[in-house]
Amino acid sequence: MSTQAEETKTETASKMIPIYIMGKQYEVPDSLTIMKAIEYAGYKYIRGCGCRGGVCGACATVYRKPGEYKIRTGLACQTVVEPEMYLTQLPFYPANRATYDFEALEGTPEEVFSLYPELFRCVACNACTKVCPMDVEVMDFIAAVKRGDLAEAARISFDCIQCGLCASRCMGELPQYHIGQLARRITGRYLTPAAEHLKTMVANIEAGRFSKGLEELKASDEDTLKKVYTEREMEPATAGEDWTPKEAAYL
Ligand code: FES
C-alpha cells in the first residue's frame, strides 16, 4: 500500500476533532500529533520543523484544554491532539543567553554565578520543573548550580533539549536551559576525567590512519556504498565485552 493510501486509511479510521491553532478552529484526525495536525490544517513548516523525534526542542507548544485554568506544555512532535485544545507554538523563547569565551573559562562555579547572576532570583516555585516536557527536575539542577555543584547540575539536566519552556514560566526570569547547558559544558571539559582511548583515537586520526579508507568511500558510487554498508561486519547482539571485529584495520 502506498504511503498516501496508508495515510488516507489512518485518517479514515480516526475520528475528526476540533482543535484551535492560534485561535482558529480546524477539524483534524484525533490520531495525529500536534505537529502533524498543524500541517494537516494547512500550515507548512518552512524552517524550525526540527527533528520530529523528541530530541531537538524546536517544537515547544503551549495549550489549554476546555474548562481548565491551567496552561499545559508539550512537544508538538510527541503530543497527540485532544478535542477543543487551544494551542500555539513557541519555536524560540527570548531568554537571556550569556556570551562567553569558553576557552577562557576555568570551569568554576563563580564563573557561572557571574555569567548568570539571575540564578539567585530563583524562588524555588518549581514552575520550571512542572512545564518540562522531558521531566527534567529543573529546579533541582538550578539548586545544584547555586550550591556550586556543577557536575550534579550536569547530571540532572542531561535530558534537557533546550526548548526554553522552563524560562517561559519562570517568575525570576532565569534562563534555566542555558544555565544547565553551561554546567554540562564545564563538566565535560573540566570536571570529567579525560578518556584515554579518545586521545589515542584523535592521535590516530591526526596521523592519517583513516584517510585512505575515507578517500576510498568518498570516491565510491552509491551502489558500492550501499554494498559496503549492508555487508559490513556487525557486532552480534549477544556479543560480550571482549568482542572484536575480524577486520581491525580501522580500529
Ligand atoms: S521537532 Fe524536535 S523535539 Fe519536536
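1. A word on what you're looking at. This is a predicted model, in which local features need pLDDT of at least 70 and side-chain atom pairs count only at pLDDT 80 or more, while totals for chains, interfaces and linings use all residues. Residues are numbered from 1 along each chain as its sequence is written, and side-chain values use heavy atoms, with hydrogens and water left out.

2. The overall picture. The chain has 11 helices and five strands (DSSP runs numbered from the N terminus: H or I of at least four residues for helices, E of at least two for strands). Its radius of gyration is 24 Å, well over the 18 Å that the globule rule gives for 251 residues, so the chain is more spread out than a compact globule. (That radius is taken over C-alpha atoms, and the rule is 2.2 Å times the number of residues to the power 0.38.) Along the principal axes, the C-alpha trace spans about 65 × 60 × 35 Å. Buried residues come to 35% of the 251 (buried is under 20% relative accessible area, exposed is over 50%, and partly exposed is in between, with a 1.4 Å probe and protein chains only).

3. The sheet. Five strands make an open, mixed sheet in the order β2-β1-β5-β3-β4 (two strands pair if DSSP finds at least two bridges between them). At the edges stand β2 and β4 (71–75), each with a single partner strand, so one side of each has no neighbour in the sheet.

4. Strand β1 deserves a look. Five of the six residues of β1 (residues 16–21) are buried, so this strand is largely enclosed by the rest of the structure. It runs antiparallel to β2 (residues 24–29), joined by six bridges, and Met-16 stands opposite Pro-29 in β2. The β1 and β2 hairpin has two residues between the strands, and Met-22 takes a positive phi near 50 degrees there.

5. Around β5. Two bridges join β1 to β5 (residues 86–89), and these two strands run parallel; Ile-21 has Leu-87 as its bridge partner in β5. Strand β3 (residues 60–64) is antiparallel to β5, with four bridges between them. Thr-61 stands opposite Gln-89 in β5.

6. Of its 17 lining residues, the closest to the centre are Leu-217, Val-228, Arg-232, Glu-247 and Tyr-250. (On a 1 Å grid over the protein atoms alone, a pocket is an open set of points where a 1.4 Å probe fits, with protein on both sides within 12 Å along at least five of seven lines; lining residues have an atom within 4 Å of a point.)

7. Gly-172 sits in the loop between α7 (165–168) and α8 (176–191) and is buried, with a relative accessible area of 8%. Its C-alpha is separated by 8.4 Å from that of Leu-119, 53 residues apart along the chain. Lys-246, in the segment after α11, is exposed at 79% relative accessible area. From Lys-246 to Ile-71 the C-alpha distance is 56 Å, and they are 175 residues apart in sequence.
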